[in-house]
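Please examine the sequence and the model shown below.

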Amino acid sequence: MDSNNWLQQLMILGIGTTSLVAEKLREVSDELVKDGKLNPEQAKAVMDDVVQQLKSEQGNWEVQMQRQMRNMMQDLGVARQSEVDELRGRIDRLERQVRDLENKLWR
């Protein structure tokens, strides 16, 4: 399985779970308002607080998943983009040196 696809599926699962929790919470708060146990302003405040907390936790979860993915890629020996870029630069310099040497030999 493609690692980007795996990470994307996990992130979608996290977003879906957050949405489901928010929807269920909304249903419960609507019931409490309907039963007169909460007024609409209190229900909205509770919803806003919980949704904000869920979003914050989701952001932390995404950061942790990215860190885990980087660690796993490093453990597997996959080069970071900066390492690949450095190697490309070194290859370009070596190819240029080889061309220069070839040009000197053929003169």
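The paragraphs that follow describe the fold, the surface patches and the salt bridges in turn.

The model is predicted. The protein contains three helices and zero strands, and along the sequence these elements follow the pattern α-α-α. Helix α1 covers residues 3-34, helix α2 covers 40-75, and helix α3 covers residues 81-106. Of the 107 residues in the protein, 10% are buried. When contacts between residues at least 6 apart in sequence are considered, 67% of them join residues at least 24 apart.

The surface may be considered next. The accessible surface of the protein comes to about 9,100 Å², and carbon and sulfur atoms account for 54% of that area. One nonpolar patch, of about 280 Å², is made by Met72, Leu76 and Val78.

Arg90, one of its members, belongs to helix α3. Because its relative accessibility is 45%, Arg90 counts as partly exposed.

The charged pairs remain to be described. Side chains of opposite charge can pair when their charged atoms come close. In this model the count comes to three salt bridges. In one of them, Glu31 is joined to Lys34, with the closest N and O atoms 3.8 Å apart. Why are Glu31 and Lys34 separated by about one helical turn? The two residues are three apart in helix α1, and so about one turn of the helix lies between them. Glu31 is partly exposed at 41% relative accessibility, whereas Lys34, at 64%, counts as exposed.

A further salt bridge links Arg80 with Glu83, the closest N and O atoms again being 3.8 Å apart. Glu83 has a relative accessibility of 33% and so counts as partly exposed.

Arg88 and Asp85 also meet through their side chains in a salt bridge, at 3.7 Å from N to O. Both residues lie in helix α3, three residues apart, which is about one turn of the helix. Asp85 is partly exposed, with a relative accessible area of 40%.

Definitions and conventions. Residues numbered from 1 in each chain as written. Predicted model: local features only at pLDDT ≥ 70, side-chain atom pairs only at ≥ 80, totals over all residues. Heavy atoms only, no water. Helix = DSSP H or I, 4+ residues; strand = E, 2+ residues; numbered from the N terminus. Buried < 20%, exposed > 50% of the residue type's maximum accessible area, 1.4 Å probe, protein only. Contact = heavy atoms within 4.5 Å. Areas by Shrake-Rupley, 256 points an atom, 1.4 Å probe, with all protein chains shown as cover. Patch = residues over 30% accessible without salt bridge, like charges linked within 9 Å, V, L, I, M, F, W, Y side chains within 5 Å. Salt bridge = Lys/Arg side-chain N within 4 Å of Asp/Glu carboxyl O.
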